[in-house]
Amino acid sequence: MSPYQLTRTLPEDATDAALRADVLHGLTRTPKSLPPKWFYDARGSELFEEITTLDEYYPTRAEREILLARAPEIAAATGARTLVELGSGSSEKTRHLLDELPVPHAYVPVDVSESALVGAAESLLVERPGLQVHALIADFTKELELPDTPGPRLVAFLGGTIGNLLPDERADFLASVRAMLVPGDALLLGTDLVKDESVLVRAYDDASGVTAAFNKNVLAVVDRELGADFDPADFDHVALWNSDQRWIEMRLRARRALTVKIRELDLVVAFEAGEEMRTEVSAKFTEDSVRTELAGAGMELAHWWTDEAERFALSLATAV
Ligand SMILES: C[S@@+](CC[C@H](N)C(=O)[O-])C[C@H]1O[C@@H](n2cnc3c(N)ncnc32)[C@H](O)[C@@H]1O
């Protein structure tokens, strides 16, 4: 028997149905786009882990610095007996938090990437044989069925992943997190902060091309899952700062005019030379914007911590 529980809250084919719907919707409109959650097959999750080690990619180091400094305070302020982590990936930084929570406690990592969840659960249990791990393969933008574990619960959403949601999606997402919280529960939110454009763009366009490979991985996912014939070599990676929206946009730009067949959708998609398809936004925040968005969802900012260079912030929020 597995030493941890792995629960798929969606039927196997729900992922497939969601991918079909997203690809059909995103590639038949102008401008074209694909949602970022489809980056994360096993290869995409590996590439993301590689990104977190790059010199240019400061968010992981900055957030780790805050967690290392503040985990005891977070544990004391929340007294959490269950840590629910949305978009948990490798759960690498989360270890600093688990180290400080009252024992015993349960850990509920939630991710669309089964390979990331399995890898994280197995390595956590090597280090912490008694830890209760209930891993959920689920989409955190949909209603979650959380396991019955002891309260209070701390819901963590780290890595700045909230910035990958569009403003309306963020509001819906925060409202659904608020609905998960009962008195005594809290949200720990990691947000990347507005800063110099060149620092931001470099973080999404590294010199060694790992982020470019990560961006193009979505094409490999659509090829494999939907029988498409995208050739990643036909596209260039683009990262740019949109100062109106205060987000980084990643795009894929067609190097030439081309058509792509998507067999499973019975669809042919034409790209003009130079046409760009948006694959990710990564919104950047300020203390005021975080406070306002939390308040809009019925939550109150209780603590705001940044790294020393004020590149990244962790917010602790409770329901009002
Ligand atoms: C930017 S990575 C962050 C990983 C980790 N939290 C960190 O801080 O390093 C985003 C993670 O969220 C997961 N993810 C993205 N969209 C998701 C969704 N809609 N539902 C569940 N997981 C999602 C990805 O598989 C990936 O592991």
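Mentor: Let's start with a definition: two residues are in contact when they have heavy atoms within 4.5 Å. Keep in mind that this is a predicted model.

Trainee: Which residues does Ser 282 touch, not counting residues up to four places away in sequence?

Mentor: Ser 282 touches Gly 163, Asn 164, Tyr 204, Trp 247 and Ile 248. With Tyr 204 there is also a polar contact, side chain to side chain, at 2.9 Å. You will find Ser 282 in strand E11, residues 276-283.

Trainee: Is Ser 282 buried or exposed?

Mentor: A residue is called buried when its relative accessible area is under 20%. Ser 282 has 4% relative accessibility, so it counts as buried. Asn 164 is buried too, because its relative accessible area is 15%.

Trainee: Where is Asn 164 placed?

Mentor: Look in the loop between strand E5 (153-157) and helix H6 (167-180). Leaving out residues up to four places away in sequence, Asn 164 touches Pro 36, Glu 169, Glu 280, Val 281 and Ser 282. In an unreviewed UniProt entry, the annotation "binding site" covers Asn 164 and Ser 282, along with Tyr 57, Tyr 204, Glu 280 and Val 281.

Trainee: How many cavities of 30 Å³ or more are there?

Mentor: Here is the general idea: rolling a probe the size of a water molecule over the atoms shows where empty space is left. In this model the count is one cavity of 30 Å³ or more, and the largest cavity has a volume of about 30 Å³.

Trainee: What lines the largest cavity?

Mentor: Its lining includes Ile 162, Leu 174 and Phe 285. Helix H9 (287-296) and strand E6 (186-192) each supply at least two lining residues, and H9 gives the largest share, four residues. By type, the lining divides into six nonpolar, two polar and one charged.

Note on methods. Residues are numbered from 1 along each chain as its sequence is written. This is a predicted model: local features need pLDDT of at least 70, side-chain atom pairs count only at pLDDT 80 or more; totals for chains, interfaces and linings use all residues. Side-chain values use heavy atoms; hydrogens and water are left out. UniProt positions are given in the numbering used here, feature names are shortened, and annotations may be inferred rather than shown by experiment. Buried means under 20% relative accessible area, exposed over 50%, partly exposed in between (1.4 Å probe, protein chains only). A polar contact is a pair of N or O atoms within 3.5 Å; within protein, one must be able to donate a hydrogen and the other to accept it, and residues adjacent in sequence count only if both atoms are side-chain atoms. On a 1 Å grid over the protein atoms alone, a cavity is a set of points where a 1.4 Å probe fits but cannot get out, and a pocket is an open set with protein on both sides within 12 Å along at least five of seven lines; lining residues have an atom within 4 Å of a point. Grid points are joined across faces, edges and corners, and a volume is the space filled by probe spheres set on the points. Ala, Val, Leu, Ile, Met, Phe, Trp, Tyr, Cys and Pro count as nonpolar, Asp, Glu, Lys and Arg as charged, and the others, Gly among them, as polar.
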